[in-house]
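Could you show me around this model, one selection at a time? I have the viewer open and would like to know where to click.

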Protein chains: 2
Amino acid sequence: MPEFLQVLTYHQALQILEKNMPPRETEYLPLLGCNQRVLASDITSPEDMPAFDRSTVDGYAVRAADTFGSSESLPGMLSLTGEVLMGSKPILRVGRGQCAWIPTGGMLPEGSNAAIMVEYTEKLGLDTILTYRPVAPGENVMQKGEDVSQGEVVFRRGKVLKAQEIGLLASLGLVRLPVFEAYRIGVISTGDEVIPVDQIPLPGQVRDVNSFALAAALEASGAVVQLYPLIKDDYSCLRQALEKAWHENDLILMSGGSSVGVADFSLQAILSLPDAEVLFHGLAVKPGKPTIGARVGRKLIIGLPGHPVSALMIFYTMCAPLISSAAVNQVKARLTINLASQAGRDDFVPVQLLSAPGGPEAQPLLGKSGLMSILARADGYIHLPYEQQGIKGGEIVTVTRF
Amino acid sequence: MPEFLQVLTYHQALQILEKNMPPRETEYLPLLGCNQRVLASDITSPEDMPAFDRSTVDGYAVRAADTFGSSESLPGMLSLTGEVLMGSKPILRVGRGQCAWIPTGGMLPEGSNAAIMVEYTEKLGLDTILTYRPVAPGENVMQKGEDVSQGEVVFRRGKVLKAQEIGLLASLGLVRLPVFEAYRIGVISTGDEVIPVDQIPLPGQVRDVNSFALAAALEASGAVVQLYPLIKDDYSCLRQALEKAWHENDLILMSGGSSVGVADFSLQAILSLPDAEVLFHGLAVKPGKPTIGARVGRKLIIGLPGHPVSALMIFYTMCAPLISSAAVNQVKARLTINLASQAGRDDFVPVQLLSAPGGPEAQPLLGKSGLMSILARADGYIHLPYEQQGIKGGEIVTVTRF
């Protein structure tokens, strides 16, 4: 059996891929188009927010000192000079011994420096307000610039923009933002035995699962996906397909063609492209041993195993973290059974998360490697690192959710 | 201060909304269009997978009995009759004392019932294979139908389809699937003080944060979003906008117009629509007390508070779970400080997740309610339930991630 070129550990391979990820251009998009995208530069606030001192309660704008000493038994007494309207600058002024009705969000009128909640006041006649407790200067007021001040860095480059970030940017009037272009990623399935999904397999044939599973996973990572037609195990067809995909994308995921027997011409086809270099072929990883990493110019080709379960597991463990900077979703759970593994190899085991009285449990989904139905039942996977020889049942493990 | 119509608890309101969620039609989409959508019916497998007994290793197809007794010191001896090719039905037959080369995924030839890994064999000359260990019948073979058998329910109605489900469906040749139509959701922002985001606010005005933040959050939940122009606090404008949005959507999120003062004509406008019923107005929830729930025909209108932080928190806690059946992303963490809360009210407190030597910590983001910058720094929230009066620092809490 021919030896692999160079068998790397999971972490070595991940680092190499990371270092060789293609650069991304910046594009400027309207605010809503930036949803779930990644900021390409730091964002500085152009203004103070709020832009004015505003009340955080429904009540009366007052001079705080005028309420000092007020109590239930000895209320203070203020004269009502008018009403602050939402959305406009108050024209009235609060003088000593005066107050003005102010709604939540209203702008504090000149002269006032606090707001007293309506619950702690009482209206006497048309223009007298009793105050039943004192307020401190600034109480119930959001100061100009208190939320965000002008010139402050609001978000750093690399931040994934979600609803609350979009909201904050909207409130600052930032309606066009620099985000990284999505990766354009081509998917090529290969294999003499692989047929299009809408065909009936003859004995010995299987349907092209990888194009669909990888496209779905890539889409969920925010990539722009291009699917290419199926390629037979044939050097010149593969070379031609790779060259086209290489021109049209930043990164190519090729599945099949990486294992013993057909790997030779996969490698040849990659190396025939200009400025091509095989970064690794073969990982001390299960599943996914025959994975290929290659750089062609400033772009990457990753050769995934042909088997759909291995291909998808390698996608989740090695490709997804490079493509998407969204937070990885991990939970702690108690392992239900002993898990053996081989030292000198990183193992990734699909698990089901079960809720149990003592907290979540991780139930490894074993059985013959390569059952698609197992992966479809899994909620995520656990990682048995290189140095470790198995994990005991009852230990707490980290589950990375799909 | 006018009383709210009927103040419900969080769970009561959630149940009422759930019961009144508009029905969803089923649509049939091509497989890739079903990514991250929800199955509208149970899916049954039309065929066995694999469709034939296949080898899970590179090696030799054998009759298991012929290997019995083989060992390192006393290898068995088989004669090689040929090679199984990927993607086609083998024409050869494995008789007693014979074997055939078979690649991973290859179809077991007639007569054979197991595969032996190439690592445990040695080739002598052109057509003799030594076997160094025995294999049991069925060993290294995935049986026909072992992954999925014909007629088996593969996925149940309600399942969210992700990459691994798409992969399994592809392998079964299911290229068009019934999924629920996405909810069409209209977003209407109201308020005299609210201006479009691309304008410079005059004193007292604020930009329309809610349209953007809610649209971003809805998009992430898989809804089809329609934004409507800003509406002033005016009964007839609001009524007209609601009627139009009601015709065009399954659900309307209206923000602003639910608090004291303007709530009256929001309710009036809703009740002027045909077959309209206010389900609740006012929740024992912080933030989000003035939330409105209403049913109009078989559609829903949810009136969110005008304040962006309250509006988004109510969206995450009450609307997102109804709109998306994707798994809620929750983690356990140790609360860093004591948190007071009022019994008889559900409190939702934004937190930051910090990694600490003893496991993740949840750091409440306090400060004046309504700072947008706080929400943008938060990773999720914790829920202090109705019955509970605060949580002590050091306790383990559940953080629901945004």
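Here is a short tour, from the pair of chains to one helix.

This is a predicted model, in which local features need pLDDT of at least 70, side-chain atom pairs count only at pLDDT 80 or more, and totals for chains, interfaces and linings use all residues. Residues are numbered from 1 along each chain as its sequence is written, while chains are lettered from A and ligands numbered from 1 in the order in which they are written.

Start with both chains. Chain B superposes on chain A by a rotation of 180° with 0.0 Å of shift along the axis, at RMSD 0.1 Å (least squares on the C-alpha atoms of residues with pLDDT of at least 70 in both). The two copies are thus related as by a two-fold rotation axis. Now select Val331(B): in chain B, its C-alpha is the nearest to the axis, 3.0 Å away.

Next, colour the contact, which takes 66 residues from chain B and 67 residues from chain A (C-beta atoms, placed from the backbone, within 7 Å). On chain B, helix H3 (209–220), helix H6 (308–323) and strand E22 (330–335) are among the elements that give two or more residues to the side touching chain A (DSSP runs numbered from the N terminus: helices H or I, at least four residues; strands E, at least two).

Finally, go to helix H5 (residues 263–271) of chain A, where Ser266(A), Ala269(A) and Ile270(A) are buried (20 or more other C-beta atoms within 10 Å of the residue's own; exposed means 12 or fewer, partly exposed in between, with C-beta atoms placed from the backbone). On the other side of H5(A), select Asp264(A) and Gln268(A), which are exposed. Show helix H4 (235–248) and strand E18 (276–281) of chain A too: they are among the elements covering the buried residues of H5(A).

Note on methods:
Contact = placed C-beta atoms within 7 Å.
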